[in-house]
Amino acid sequence: MLQVTLEDVKQARETIKDIVKKTDVLESIKLSEKTGAHVYYKCENLQKTGSFKVRGACNKIANLTEDEKAKGVIAASAGNHAQGVALGAKLTGIKATIAMPATAPLAKVSATKGYGAEVVLNGTVYDDAYAKAVEVQKETGATFLHPFNDKFVIAGQGTLALEFFEQLDNKVDTVLCPIGGGGIVAGVAVVAKALNPNCKVIGVQTANIPSMKESFNNGEVTSAFNAPTVADGIAVKTPGDLTFEIIKELVDDVVVVEESEIAEAILFMMESQKIVSEGAGAVSTAALLSGKYKPEAGENVVCVVSGGNVDVNTLYRIIGVALAKEGRRVSLKVNMSDKPGNFSKVTSIISEAGANILSANQGSLASGESLTDQTAEFILETLDFDHIKRVKSALVEAGFCVKEI
């Protein structure tokens with residue numbers, strides 16, 4: 001028997017109803033047109049603290065004993081659970097210490113401190129922060145609040161599914177949900193399968209850290225880490241055993257998306273829906289845009305946007321990657337003879353071809369291949385890949401050597 005039930009989730013909703021917001025469900029017209037399905041966003045990026053995590057954190061804190069509260073609380077988090085715990089602790093009047101990866105976005109670290117929590121930075125992923133939190137917990141005796149492997153946390157996260165089922169009059173065929181440690185998808189799956197046993201629940205994870213995908217395939221909890229990810233909110237090497245037991249029984253499939261696909265999804269959401277999502281919140285959209293999940297015509301699909309806590313500098317880099325992937329930005333290296341007027345000629349050709357020069361860097365006697373040549377590097381704003389070809393062709397026809405970098 002699973003440790004979390006629909007009744008647990010309903011009780012959690014009563015517990016946290018005066019703290020959390022009932023976030024909007026918005027239809028994505030463009031994504032619906034692209035897929036032929038009816039696609040909706042559950043906008044937890046608009047939640048207090050900018051993420052769904054406040055639901056589980058506050059439900060857990062509300063269920064602590066007075067003795068546990070008196071000891072203060074400690075948690076490990078990639079950033080969003082940190083803010084949820086910090087807010088819950090502040091509202092309850094208890095001390096909170098949060099261990100976070102040193103790579104956590106500055107926006108998440110600053111927000112956590114802003115809620116009054118003490119922050120300790122360690123390592124590069126959630127698992128490193130967890131190890132530090134365990135160390136501090138042994139030293140201080142504080143009450144540990146796990147970000148996903150806890151029944152009260154899972155039940156709290158499941159409350160967002162109660163909301164979107166009600167908001168869509170129970171007309172939900174499929175839910176695409178981010179997976180890291182598994183807390184949100186476990187809670188969503190408990191609700192979805194209880195309200196509609198035919199509803200598909202698909203977890204989406206980054207290919208860089210496919211720990212739950214590997215666990216799902218292997219039938220047991222499996223650690224996995226290939227590389228860091230822009231989806232820091234789901235950067236978990238080792239899933240929870242409690243969450244895995246629920247996922248193994250209730251989740252229909254787990255798919256993985258690439259980093260560039262996540263970047264493209266973030267840009268798509270900003271342009272088409274005016275939604276600012278962090279990497280983890282965009283993986284469900286990435287699954288649809290990339291075709292990793294292909295819905296049937298007319299299928300009612302809910303994409304859970306788990307959070308919007310993305311650092312502005314990180315967002316700038318993500319947008320750059322996404323624009324390049326769509327052929328809307330390109331870097332070119334142009335080789336030319338070192339004569340007066342050649343650089344001006346190159347810029348004129350680029351302008352006449354309709355590309356916008358974002359930056360230009362003219363070197364001197366660049367490659368060493370010829371003492372009479374120089375190179376210039378350009379970052380251009382373009383319309384699409386065909387436009388890039390036209391720009392390059394115009395330069396080549398004028399006698400310049402061009403290559404993308």
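Tutor: This is a predicted model. The buried residues of helix H5 are covered by, among others, helix H3 (53-62), E3, E4, helix H6 (106-114) and E6.

Student: How many of the residues of H5 are buried?

Tutor: 10 of its 13 residues are buried, so H5 is mostly covered, taking buried as under 20% relative accessible area. They are Asn80, His81, Ala82, Gln83, Gly84, Val85, Ala86, Leu87, Gly88 and Ala89.

Student: What span should H5 have, and how far apart are its end C-alpha atoms?

Tutor: The 13 residues should span 18 Å at 1.5 Å a residue, and the end C-alpha atoms are 18 Å apart, so the two agree.

Student: What follows H5?

Tutor: Gly93, with a positive phi near 80°.

Student: Switching to strands. Which way do the residues of E3 point?

Tutor: In E3 (residues 73-76), Val73 and Ala75 point one way, while Ile74 and Ala76 point the other way. All are buried.

Student: How many bridges join E3 to E4, and do the strands run parallel or antiparallel?

Tutor: Four bridges join them, and E3 and E4 (residues 96-100) run parallel. Ala75 has Ile98 as its bridge partner in E4.

Student: Where does the chain cross from E3 to E4?

Tutor: Through H5 (residues 80-92), in a β-α-β crossover that is right-handed.

Student: And what about E3 and E6?

Tutor: E3 pairs with E6 (residues 143-145) over three bridges, in the parallel sense. Opposite Ile74 stands Phe144 in E6.

Notes. Residues are numbered from 1 along each chain as its sequence is written. This is a predicted model: local features need pLDDT of at least 70, side-chain atom pairs count only at pLDDT 80 or more; totals for chains, interfaces and linings use all residues. Side-chain values use heavy atoms; hydrogens and water are left out. Buried means under 20% relative accessible area, exposed over 50%, partly exposed in between (1.4 Å probe, protein chains only). Helices (H or I, at least four residues) and strands (E, at least two) are DSSP runs, numbered from the N terminus. Two strands pair if DSSP finds at least two bridges between them. A crossover is right-handed if, with the strands pointing away from the viewer, the path from the first strand over the helix to the second runs clockwise. The expected span of a helix is 1.5 Å times one less than its number of residues. Contact means heavy atoms within 4.5 Å.
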